Amino acid sequence: MIAHSVTQELEDRGISRRDFLQFCTAMAVVLGFPDSAAQAIAAAIEGEPRPILIWLEFQDCAGNTESFLRATHPTVADLILDTISLNYHETLMAAAGSQAEAALAQTVRDNAGKYVVLVEGSIPTGADGAYCTIGGRSALQIAREVCGNAAATIAVGTCAAFGGIPAARPNPTGAVSVADAVPGVKNLINLPACPANAENITALIVYYMTLKRWPPLDLYRRPLFAYGKTIHDNCERRAQFDAGQYVESWGDEAHRHGYCLYKMGCKGPATSQNCPSIKWNEGTNWPVGCGHPCIGCAEPNFWDTMTPFYQRLPNVAGFNVGRWVDPVGLGLTGLVTAAVVVHGVSEVARRRAGTDQSESESK
Amino acid sequence: MARIVVDPVSRIEGHLRVEAEVDGGAVTQAWSSSTMFRGIELILRGRDPRDAWAFAQRICGVCTTVHAIASIRAVEKAIGAVPPSNARQLRNLIMAAQNVQDHVVHFYHLHALDWVDVVSALGADPAKTSSLAQSISDWPLSSTNYFAGVQDRIKTFVQRGQLGPFANGYWGHPAYRLPPEANLLAVAHYLEALEWQRRFIKIHAILGGKNPHLQSFLVGGMATPVDPDAQSSLNMETIAALDKLIADGIAFVSRVYVPDVLAIASFYKDWASIGAGIGNYMCYGEYPEEDGENARLFLPAGIIYGRDLTKIANVDQAKISEWVAHSWYDYSVGDDKGLNPYQGETKPHYTGPKPPYERLDVAQKYSWLKSPRYDGVPMEVGPLARTLVAYASGRPARVKELVDKALSTLGVGPEALFSTLGRIAARAIEAQILVESMDNWVRGLAENMGRHDYRIQDNSKWDPSSWPSDCAGAGFHEAPRGSLGHWVRIGNGTIVNYQCVVPSTWNAGPRDAAGHPGPYEAALVGTPVANPEQPLEILRTVHSFDPCMACGVHVVDTMKREVARVRVM
């Protein structure tokens, strides 16, 4: 293999070093790092061999794949795609059939314990695995082999992370998450949402390449940099919520002027994700910005716990968060949220301050 | 005789397996099998019908929006909600943007590598590539330096020794016929299209909050507020942003996508007589140009039988039936009968080999897809069907104009449309027609704003207490891959039954009880195969349909009439 400088490659592609550093700064912002981290990210991307990625699709809709294709900073995202060697991805790869399967088998064989696998879609356990087969093998067989030999597994989207829509009541195919399908899988990180935001996928990869470890996670194995705060905490309409200004009817004056969607069923208070900060499609917009309530798509079992979508939170079956508008209830929720956030921040700070010796668990 | 198995068929949405018998250098028989099942229609039972669109939309993330549209239309029909004018314009824009973006991504990122040899592009002369580019289009990115830069980029990539997603491709296969310069041109546009699709789909973010899986649909209208005097609504700033993105779309489709398709097609004219298949074409029609029921549609509905462009039959939903003779489902009436969607049944029952397996027994059941039939016969649906119905109808006139122009550029007659190449050309022409028409719907929004008409929703039917206690409805849509229908029955405010009949089910379904093959299976017969170890030609014909398997499978039919329910018990 020919050694190749990333800087040279950037120049070949007409990307100046200044553009590259701007990209690194943007990544640092997404990851919640201080400005000075941009230099460290640049150094890491430039200095390292390219990690091998495998992208598996099981009971999926390819929505996460499509989301990945929408990654911002496009020119440099191309570079990042090239910087990573994407050895298997059914939707994008040139090879088909036995040639495709050979590429997967060879990658797993030659790089056992070294590659990173991204999984999109849930994994069915019913009918001996016949609800999803690829090349005649069941999703379960493939997941156990490929994730079982990976350095790390990233469950992209709510289906892979938590079972998602196939696992929604009554779960006709016995669909499960990666965590449940591959017991004991190493370094599992969940990137839920329906689909996962391209920015968060890219940020996670950059995080790993920069810091040589995986980020601190919450209870559901979600990175704190993207899931450490609720939608409600960061919502552009939070002031309207606090002021008691609500949309009462679709298209009314309050709706047109961007009032709070809580009464229309918004699940932002119960949903942890960074949509309000990074938005979607190159920062163009996000669902609340478009006048529709959050449906809670980054939360486990949201298809069952967050529905009916247009009912306000206290009435959602299985989600008993109390009386949100009541000052007492609000206070309680605030405390819970604050505890999660403070824990998250201190966890990040602890790890950031830590030396290499203290990071052995992430190796 | 050789038996070829292609599994997975890559560069599609979802999981598709093709088995084919090859004799004398061509396919003699083929079987299309879908190998993934989720059961979303079963999951929809018992839920709030106003939530159904969000569930249904997750049937597919590539053609995101399409199941949401069909779902809200079905529920609206059932409960009697009538979306106002602004909602109609917003939906037309969203649907057209989806079709246009999806068609471009399909051509460059899912299909082009069947025709374009990336490795050959390394040997191209950038100056000759520039001449070629300038001879087919006035697109400005066409200089010698530009193509030299792209070529260097690919060289660097190849020299690095890690081919990533391009590893194990069929590079050097004798069926690749483009000169190196045309290959380099196509590779450059593969990369440009990757960036263009990201830009263009911002239309969806503006109108739907995000893409994939837009989140602005409502039963009865749309959640996107419209008000020129409000910051949080669609206003003149967003109208201007839409105008710019649409202009960008028209430029790319008419100056890159369509010229590329015609240029590449000129080297593969033999594929204008390969892959026709069953020759029946169906279209439900799309893009209402008026409000309310029975509105005039921009693209007309109709059926063409046996490639006869002189007659167009009407579409009657009652003539649709689905068969399970070769599908992993049981029917209480016997698997040799077809059932209309209103009498449909669902009982998934896998009887194939236990995985891991080498071979499916295609004499038995072999797919998670059912076999939809219209009046007992298979129908091809999709851009070619829509284009043929519009071409034969004479409206919109722009269809005939662009089709005739493409045919004369290639020096072929209309019969060339019935082919693998015809599907590719029709998709490109349709993209141009739709992207050009988007401006009309933006103007419609602006005119409503000028009249102070800011209505986006039929709020009279939002509360379930306003609905009949028992009601049913069907919603139809022309998705990128073809005719889509959803059927819903609602009882006491919740979904009793839900059913979808989907484009890729029409096209990719297995044989029916009479043994008649589905459109993929029929189209593959006669497809040449130079090397059974590298079945590139099979991919060409299958990809020309733009398979979307998560959509096709389905599609559990859960719609049962009372009488059928009694019989089951």
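Which backbone nitrogen does a side-chain oxygen of Asp125(B) reach at the start of α5(B)? The views below take up this point and others in a predicted model, in which local features need pLDDT of at least 70, side-chain atom pairs count only at pLDDT 80 or more, and totals for chains, interfaces and linings use all residues. Residues are numbered from 1 along each chain as its sequence is written, chains are lettered from A in the order in which they are written, and side-chain values use heavy atoms, with hydrogens and water left out.

**View 1. The start of helix α5 of chain B.** The backbone nitrogen is that of Ala127(B), and the side-chain oxygen of Asp125(B) comes to within 2.8 Å of it. Helices are DSSP runs (H or I, at least four residues), numbered from the N terminus.

**View 2. The two faces of helix α5 of chain B.** In this helix, residues 126-136, the buried residues are Pro126(B), Thr129(B), Ser130(B) and Ala133(B). They line one face of the helix because they fall within an arc of 100° seen down its axis; the arc is that of the directions from the helix axis to the C-beta atoms. Buried means under 20% relative accessible area, exposed over 50%, and partly exposed in between (1.4 Å probe, protein chains only). Lys128(B) and Ser135(B) are exposed on the face turned away from the buried side. The cover over the buried residues includes α6 (144-159) and α7 (180-200) of chain B.

**View 3. The interface of chain A and chain B.** The contact (heavy atoms within 4.5 Å) takes 90 residues from chain A and 91 residues from chain B. Together the chains bury about 7,800 Å², 56% of it on carbon and sulfur atoms. Buried area is the accessible area (1.4 Å probe) that two parts lose on being put together, summed over both.

**View 4. A salt bridge across the interface.** Arg47(B) pairs with Asp304(A), and their closest N and O atoms are 2.7 Å apart. A salt bridge is a side-chain nitrogen of Lys or Arg within 4 Å of a carboxyl oxygen of Asp or Glu. The count between the two chains is 3 salt bridges. On the side of chain A that touches chain B, helix α6 (residues 97-110) of chain A gives the largest share, 6 residues.

**View 5. Glu299(A) in its loop.** Glu299(A) sits in the loop between α15 (275-278) and α16 (302-305) of chain A. Its relative accessibility is 9%, so Glu299(A) counts as buried. Among the residues that Glu299(A) touches are Phe162(A), Tyr220(A) and Met306(A).

Definitions and conventions. A polar contact is a pair of N or O atoms within 3.5 Å; within protein, one must be able to donate a hydrogen and the other to accept it, and residues adjacent in sequence count only if both atoms are side-chain atoms. Lists of a residue's contacts leave out its neighbours within four places in sequence.
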